[in-house]
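Hello,

Here is the structure I promised to pass on.

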Amino acid sequence: MSLGEADIAALFVTLKLAGLTTLILLLLGTPLAWWLARSKWRYKFLLEALIALPLVLPPTVLGFYLLITLGPNGPLGSLSQALGGPSLAFTFTGLVIGSVFYSMPFVIQPLQNAFAAIGNRPLEVAATLGASPLDRFFTIAVPLARSGFLTAAVLGFAHTIGEFGVVLMIGGNIPGETQVLSIAIYDHVEALEYGQAHLLSGGLLLLSFLMLILVYAVNRRFFLVQR
Amino acid sequence: MSIQARFQLHRGDFSLDVDLHIPSRGITALFGPSGCGKTTLLRAIAGLERCPDGFLQVDDMQWQQGKTLVPPHQRPLGYVFQEASLFPHLNVRRNLEYGLKRVAVTKRKISLDRAIELLGIAPLLARKPHKLSGGERQRVAIARALAVSPRLLLMDEPLAALDVTRKQEILPYLESLHRELDIPVIYVSHSPDEVARLADHLVLMEAGRVSASGPISEMLTRLDLPLAQGSDAEALIEATVAEHDEAYQLTYLDFPGGRFTVAHKDLPMGTKVRLRIIARDVSITLERQSNTSILNIFPATVDEIVPAGSAQVTVRLLAGGVPILSRITRKSAALLDLVPGKPVYAQAKSVALLA
């Protein structure tokens, strides 16, 4: 048994979506996580709670609000249209925007924890050795938080691959455009194509497990070295 | 040349309020009990602690004037923390190079090789910090701070986290820095022993304030200060190696009040050394004793007497103008009729050569 054309397309859409989402989250999330780890702002917890929302919210709720925001009458959708683009609902771009919100806590939280675990001291030492704040960030904070970056990247990637509810709400099911693996599996099951469903599900299971093994193995080694 | 620092800082129950003027040469010890603000003051000098109304001038460099301040990474200083705080992701050599690389080539006065040699860490260069002992880590941290060719070296209890053996391992290195490098050091400590061995100048702190400040030998023997009141009161005397006696294996050391005899020490003539005389080991006689095993006897005059507990007194003597402390019983003081100005003889039962 082999993958059909639609399944292969779904695999590529999924990997592209997860890769892009992870990249965007790492770029946006790193400064945000750094700020969250270092700031003494008293209302910081409000922002932390907001970022953690996707952890507990039913994906359909998040998807519903995103649909409204991204649709032709929503603020982002109409903005996109005003700039000559399409409405963002049922597009790959829309999926990326949705995934960024959906996977945000899985990237921000490991980064924030990793930055917080460094503490002040190494950065103060670097300052007394002549390193400017930006210099300290790149030569001390980033290398010392490397296990946090790995955890963030793998969890963000894996979680985006496993996305279902949000995609269903805002992406629809356009093969080659917005159809991702989790939805392809659902379609196969609906059509009683259990063989195909097994193949895709088994593949996802294995991939997710391997990625988590990587995270835990590296973190274990990292913590042993630290001590 | 000097260091002038004025800082005020309030944080909960604690407040720091200092106005300090210290020489910018030799080792200045900030000494006081835990929580008296020594570390906070040191951090303020480094710029790690923000004091909005501070003022700080080090020689010709103004580092802070009110809200205008030079950020820590632009101050030519070295800072050694209580825990070595080496960067765990870099090996020893790259830890050392971290600061060095960020110093302009024209401003490098101490080469990496010199710093490595002074602290004796050449065999450790390829190791990662977690493979080092506590003492080795601290030596690397000191070398790392030296490698930036600092104009001021700040050390925050660099030995406090180490056990006695490790302390003894590092102290000689600190003493050699003192002898061989002309970098002013501000050294935070709550150990009288470290202060006696290392400091030239002493700043006493208490509850966020400077209670006294002055040259070490003067501060140790000032009877109005807590150092001279404790049971381990002592005097420090600067002396010079004058002669070696091969037959008896002795070394003679001159100071303005006379000549000390100590066990042979292999030091060149003219070497400046520091002697420590504990007040309990100094007795007082009215006439020079000849039938005694004690060799170190000096004519002196009584300068000041204060009670130490109910049964004892501390007597400050001047031998050739150099202060020496003697701790004797109140009864002895009365029998000898000791009063300020009276000529006596000080007998030191034991003398420790510090460096």
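How are α3(B) and α4(B) oriented to each other? Before the answer, some housekeeping: this is a predicted model, in which local features need pLDDT of at least 70 and side-chain atom pairs count only at pLDDT 80 or more, while totals for chains, interfaces and linings use all residues. Residues are numbered from 1 along each chain as its sequence is written, chains are lettered from A and ligands numbered from 1 in the order in which they are written, and side-chain values use heavy atoms, with hydrogens and water left out.

**Helix pair in chain B**

The axes of helix α3 (residues 112-119) of chain B and helix α4 (residues 134-146) of chain B cross at roughly 150° and come within 9 Å. Axes here are lines fitted to C-alpha atoms, for helices over the stretch in contact, with angles from 0 to 180 degrees between N-to-C directions. α3(B) and α4(B) are therefore roughly antiparallel to each other (angles under 35 degrees count as roughly parallel, over 145 as roughly antiparallel, 65 to 115 as roughly perpendicular and the rest as oblique). Ala115(B), Leu118(B) and Leu119(B) of α3(B) meet Arg139(B), Ile142(B), Ala143(B) and Leu146(B) of α4(B); contact means heavy atoms within 4.5 Å.

**Helix pair in chain A**

In chain A, the axes of helix α3 (residues 59-70) and helix α5 (residues 92-118) come within 11 Å and cross at roughly 135°. That makes α3(A) oblique to α5(A). On the α3(A) side, Pro59(A), Leu62(A), Leu66(A) and Leu70(A) meet residues of α5(A) that include Ile97(A) and Phe101(A). Helices (H or I, at least four residues) and strands (E, at least two) are DSSP runs, numbered from the N terminus.

**A sheet in chain B**

Chain B has an open sheet of five strands in the order β16-β20-β17-β18-β19, with antiparallel pairing (two strands pair if DSSP finds at least two bridges between them). Its edge strands, each pairing on one side only, are β16 (282-285) and β19 (322-329) of chain B. Within chain B, six bridges join strand β17 (residues 296-308) to strand β20 (residues 343-348), and Asn296(B) stands opposite Ala348(B) in β20(B).

**Where the chains meet**

22 residues of chain A are in contact with 18 residues of chain B. The two chains bury about 1800 Å² between them, 63% of it on carbon and sulfur atoms; buried area is the accessible area (1.4 Å probe) that two parts lose on being put together, summed over both. In chain A, Arg121(A), Thr128(A) and Leu129(A) lose the most area to chain B, together 36% of what that side buries.

Best wishes
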